[in-house]
Amino acid sequence: MKNSINSAKIGNRELINLLIGVANENSVDVQEDSLSIIHDIILEYKVLCEYLRKNYVVGDLDTFKMASCMMVAVNKHGFTEEKLVNASIAVDAAYKMCEKPYTNIRKDITIKLEEVDFKEVFKDDMEFYQNSKNMLINSLINETGASLTYFLNLEQLYNLALEKKYQYIKMAVCKKIRKRKM
């Protein structure tokens, strides 16, 4: 997924590719009739983003807020009749967006944050990763959250992934130091 140099905004082509990719990862074959669903999802996503931006944010939305809007839009329009599959696609789409995040420090300053691969970072703790994902999926199925609150979960998962990533680096450095001392 390609982001512009100074923004969390993603173009329509990238959004389409993202949605097709996560649908395929969830064993949903995207056919030509799915293109209207994708169109509806993108329109809903943009409406939700604009609502958040106008009412709750100074400046542009960061990646986590945009990803939460994507989650809600995918869940609302869905690719199948199965709520569980749609919610899973919604969470996967949001997670993909959050792996290459941008944030805002002021109204006019957006910075790119460090990229992280959630599945790679949590490979030794897949139970935590899956539990976190399942909580979001259940919330989407039961419609107990909103894009305004989901972004906090996404941002927290990103922060935990960074901590874990640096923990792996620290452990690797310590191993090298120990080997040198022997």
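How many helices and strands does the chain have? The chain has seven helices and two strands. Here helices (H or I, at least four residues) and strands (E, at least two) are DSSP runs, numbered from the N terminus.

1. **Basis of the note.** This is a predicted model, so local features need pLDDT of at least 70 and side-chain atom pairs count only at pLDDT 80 or more, while totals for chains, interfaces and linings use all residues. Residues are numbered from 1 along each chain as its sequence is written, and side-chain values use heavy atoms, with hydrogens and water left out.

2. **Overall layout.** Along the sequence the pattern reads α-α-α-α-β-β-α-α-α. Of the 182 residues in the chain, 42% are buried. Buried means under 20% relative accessible area, exposed means over 50%, and partly exposed lies in between (1.4 Å probe, protein chains only). The chain exposes about 10600 Å², and carbon and sulfur atoms supply 53% of that area. Areas come from the Shrake-Rupley method with a 1.4 Å probe; for residues, only the protein chains shown count as cover.

3. **Contacts along the chain.** Residues 24 or more positions apart account for 67% of them.

4. **Nonpolar core.** A nonpolar core is a set of buried Ala, Val, Leu, Ile, Met, Phe, Trp, Tyr and Cys residues joined through side-chain atoms within 4.5 Å. The largest one has 52 residues. Tyr45, Met70, Met71, Phe79, Phe118 and Leu154 have the most contacts inside it. At least two residues of this core come from each of α1 (12–25), α2 (34–56), α3 (63–77), α4 (83–98), α5 (118–121), α6 and α7. The largest share, 10 residues, is from α4. Met70 is worth a look. Leaving aside neighbours within four places in sequence, Met70 is in contact with Leu15, Leu19, Ile41, Tyr45, Ala93 and Met97.

5. **Helix α6.** This helix covers residues 126–142, 17 residues in total. From first C-alpha to last it reaches 24 Å, close to the 24 Å expected at 1.5 Å a residue. The expected span is 1.5 Å times one less than the number of residues. Buried in α6 are Tyr129, Ser132, Lys133, Leu136, Ile137, Ser139 and Leu140. Seen down the axis, these buried residues fall within an arc of 160°, so they line one face of the helix. The arc is that of the directions from the helix axis to the C-beta atoms. Glu127, Met135 and Asn142 are exposed on the other side. Just after α6, Glu143 has a positive phi of about 50°.

6. **Cysteines.** The whole structure has zero disulfides, a disulfide being a pair of cysteine sulfur atoms within 2.5 Å. For Cys49, the nearest cysteine sulfur is that of Cys69, 3.9 Å away. Cys49 is buried, with a relative accessible area of 8%. Cys69 is also buried, at 0%.

7. Is Lys164 buried or exposed? Lys164 counts as buried, at 18% relative accessibility. This residue lies in α7 (residues 147–181). Apart from neighbours within four places in sequence, Lys164 is in contact with Val121, Phe122 and Asp125. Lys76, in helix α3, is exposed, with a relative accessible area of 56%. Lys76 and Ile141 are 65 residues apart in sequence, yet their C-alpha atoms are 9.7 Å apart in space.

Technical notes
Contact = heavy atoms within 4.5 Å.
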